[in-house]
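I set out to look up the strand pairing and the nonpolar cores. My entries follow the order in which I looked.

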Amino acid sequence: MLGDVFTFITLSYVLPLASGNKIDHNRPVVINVGVYQPLSSLFNDVMNDRNASTYFKITDIYQSQRSTNYEDINKTIIYMELHNIHTIVGPFDPGTVMAAEELGIPFLSTSSVSRENSNKVTFQMVPDTEEVSIAMQSLVDAYKWEHAGMYYDSDIGASFMEFLLRDYKLSLKAWRLAPSGSNKTILDCLINMRKVFIQKVIVATSTENTLLILEHARNLAMLSNPYEWIFHDPDGYISSTLRSFVAMNTNFTVLGYLPLREGHSDDTLNNTENYPRAVVADIVEMLKNTSISMKRYPNIEEMREKTKRKLQKFKKHLETGCMHLNKRGKRKGINLYFTAVFGEMTQKIAIWNSTTSKQFHVYQRKIHPNITYMFPLKGRRVKVVSILEKPFTMYKDDYEKRYGNDRFKGFAVDLMDVVSKRLGFEYDLYLVGDGNFGAKMDNGDWNGMIGEVLAGNATMTVSPLSINSQREEAVDFTKPFMTRYISVIMKKTKLETSYFEFLNPLSPPVWICTFGAFIVVSVILYFLEKLGMRKKKDYPSISFRESFWFIFGSLLQGNTDASPNTVPGRILTSAWWFFALILISSYTANLAAFLTVKKINTPIKTISDLPKQTKIKYGTVKNSGVMAFFKNTKIETFAKMWVQMAELDPESMVSTTTEGFLKVKEGNYAFFWDTTVSRYKSIEDCELTEIGPRFDPKGFGIAVPPGATYREDLSMVILNLSDTGKLHELESRWWNNRMCPDMNKASAVETSELQFENVAGVFFLLVTGILVAGVVCLIEYCSGQVMHLGKENRTRRNKSNYI
């Protein structure tokens with residue numbers, strides 16, 4: 001303690017007595033500079049690089065002295081007096097400034113100083129926050145932005161917001177982040193910004209937060225057109241951050257305190273100047289000139305006062321621009337530089353000067369037609385969302401033993417495998433949680449796969465997701481990789497078999513007429529033979545019973561013992577034979593067709609039959625593209641169906657396609673769905689059939705976030721796959737393995753062997769004939785025996801009477 005007091009007395013009284021002596025001109029006046037500890041090493045590096053170490057003595061000022069507490073300020077004053085500090089360099093701190101103002105020590109601030117904190121000893125070495133805010137507002141006005149979002153994590157960002165809100169033409173939504181923002185917070189902010197369709201963004205955050213914002217924005221495809229970004233770069237560190245994002249079609253503007261060079265980003269963003277170092281270099285140059293300009297060693301108070309006056313009069317163009325201070329210690333004629341970073345090129349588009357701010361002008365960007373942009377997903381691993389839908393995405397049989405993408409199979413999986421290999425990226429496939437394709441809900445949010453893309457959980461979709469106008473407003477789609485229609489799938493009508501199918505070739509009236517003809521012809525033949533003149537007298541005439549037997553036998557092409565002998569009888573017989581020939585031939589032909597050709601008789605022949613009946617219910621999947629078609633259609637038939645499905649019978653609507661196909665299997669239900677899926681189901685399940693005509697053609701596309709630059713790359717791959725026949729090859733792998741007969745084709749070629757059920761009636765008739773014949777034979781036998789016994793009894797009686 002006594003040593004500190006002795007040092008204080010020596011510095012305060014002994015040295016000033018000798019300060020009036022003239023100095024040796026070969027030795028410069030040494031300025032004792034108090035430097036905040038974080039800047040101490042940087043100040044020493046710059047001082048050594050410029051061979052200025054002989055002009056300065058460096059004294060560290062530690063963080064513990066930076067307080068506005070009265071006792072701590074007194075300690076700071078004593079500390080500065082003990083170390084004989086002439087000037088202070090560092091970020092603005094109210095406590096230290098109060099101590100410096102008490103002692104008259106110039107304070108060279110390396111951070112912005114608010115107007116209320118301005119004083120006579122503080123000199124601001126960096127652009128004023130208010131001037132930077134005005135420059136930011138000027139750029140926004142020049143871009144003619146009407147809606148913008150803003151992210152900030154410091155007071156300078158709050159100042160930007162304050163100035164921008166003064167512009168009644170601009171609608172601004174701002175988010176304040178913590179100095180070290182979390183991934184979830186930043187992701188949520190970006191998603192909320194996209195939900196309200198804000199595509200112009202201002203970022204005034206730390207380097208760490210800026211990097212997080214850019215990474216999440218890239219995953220959400222928010223870095224390229226139509227999104228535009230303005231970055232505040234007070235330190236010059238933004239260049240290294242942007243370097244990882246310039247390979248895509250970006251639209252960035254950087255507000256910096258030092259100019260960026262123009263040209264290719266490999267040259268301009270890899271060789272940038274550090275603004276804090278440049279500020280320290282300017283301070284070293286100013287203090288060096290101050291030291292050189294002094295002719296003798298002044299005392300402490302005079303040294304501080306002279307340093308302050310010389311700093312106020314200093315005017316020279318240094319690394320950060322023109323260094324000239326006004327009466328309030330602010331820099332005059334400050335320049336701020338706006339640099340556009342688009343793709344891999346950088347270009348100076350504007351310079352804002354505080355003196356000529358009203359003449360601010362933004363130059364048109366140069367067009368570089370030969371620039372090629374790297375696919376932004378190349379070398380990355382992305383999330384791809386899908387939905388269980390045969391045959392697009394299905395689980396493998398042993399999927400529980402597998403991991404990752406190896407659990408799935410299907411057309412969509414094959415397609416993504418090919419696309420990812422062509423474009424050089426990897427992907428993780430996962431299924432949408434709510435099982436929906438994607439529809440806009442009442443609160444404006446989207447569910448399903450569209451919601452996953454908008455929420456940033458997925459980079460793209462790969463599924464049978466149809467492209468329609470409402471979805472196009474929310475996300476972007478690639479070129480269609482498949483065209484789909486809407487059709488109806490139903491359960492086939494069960495074929496009814498009968499034991500007496502052999503009767504089907506002739507209708508009941510024909511059978512009745514044939515039987516009547518048999519009776520009439522038999523009776524007429526008997527009378528013709530009875531009344532007509534026989535050619536052979538010894539030839540036996542046909543009895544009434546034989547007449548029926550002859551007609552019946554000739555109908556079945558059989559022979560009988562008796563035949564007509566009269567001319568009228570033979571004429572009638574000839575007519576009957578011709579009748580029998582035609583009838584038997586027709587019956588035989590029809591019987592072959594009826595017994596061997598499959599026939600499908602459905603109550604619904606076309607889609608237009610559905611609204612004409614009430615037995616068969618019909619519906620589709622809720623919140624699907626098919627439902628959107630019925631809901632918005634102006635076609636009368638489909639509009640009636642929508643009323644029936646949505647209002648009169650809402651239970652006919654299903655939540656998933658799996659539920660829809662299960663209802664079809666139960667029967668009396670028709671399911672409207674994509675032909676691609678319905679066709680596969682009819683191939684897989686022979687009990688189902690597809691009914692047309694098909695309608696509402698739409699394409700299946702890969703959905704990506706709005707503005708995603710990689711959409712074009714995906715589209716080009718899809719077109720190439722189509723041109724080379726690869727898409728057709730993938731389709732054939734899943735849709736051409738038909739195992740069931742196609743009932744929509746001509747039925748003449750689709751025959752089957754006769755089953756017992758088809759001809760069982762003939763056997764029954766034969767058995768019946770056998771039984772009837774046996775019964776008749778038994779009756780005849782019994783009657784014969786009775787007659788024989790009767791005859792024997794009569795014979796015995798006659799013999800008895802004779803005796």
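I worked from a predicted model, in which local features need pLDDT of at least 70, side-chain atom pairs count only at pLDDT 80 or more, and totals for chains, interfaces and linings use all residues. Residues are numbered from 1 along each chain as its sequence is written, and side-chain values use heavy atoms, with hydrogens and water left out.

I took helices (H or I, at least four residues) and strands (E, at least two) as DSSP runs numbered from the N terminus, and counted two strands as paired if DSSP finds at least two bridges between them.

I found an open sheet of five strands, ordered β2-β1-β3-β4-β5 with parallel pairing. β2 (56-61) and β5 (122-124) are at the edges with a single partner strand each, so one side of each has no neighbour in the sheet. I then looked at β4 (residues 107-109), which is joined to β5 by three bridges; Ser 109 stands opposite Gln 124 in β5.

I next looked up β12 (residues 315-318) and β13 (residues 321-324), which pair in the antiparallel sense over four bridges. A hairpin of two residues joins them, and His 317 has Cys 322 as its bridge partner in β13.

For cores I used sets of buried Ala, Val, Leu, Ile, Met, Phe, Trp, Tyr and Cys residues joined through side-chain atoms within 4.5 Å, buried being under 20% relative accessible area (1.4 Å probe, protein chains only). The largest nonpolar core has 83 residues, and Phe 411, Met 460, Phe 481, Phe 630 and Phe 672 touch the most other members. Helix α13 (residues 411-423) gives the most to this core, eight residues.

Key:
Buried < 20%, exposed > 50% of the residue type's maximum accessible area, 1.4 Å probe, protein only.
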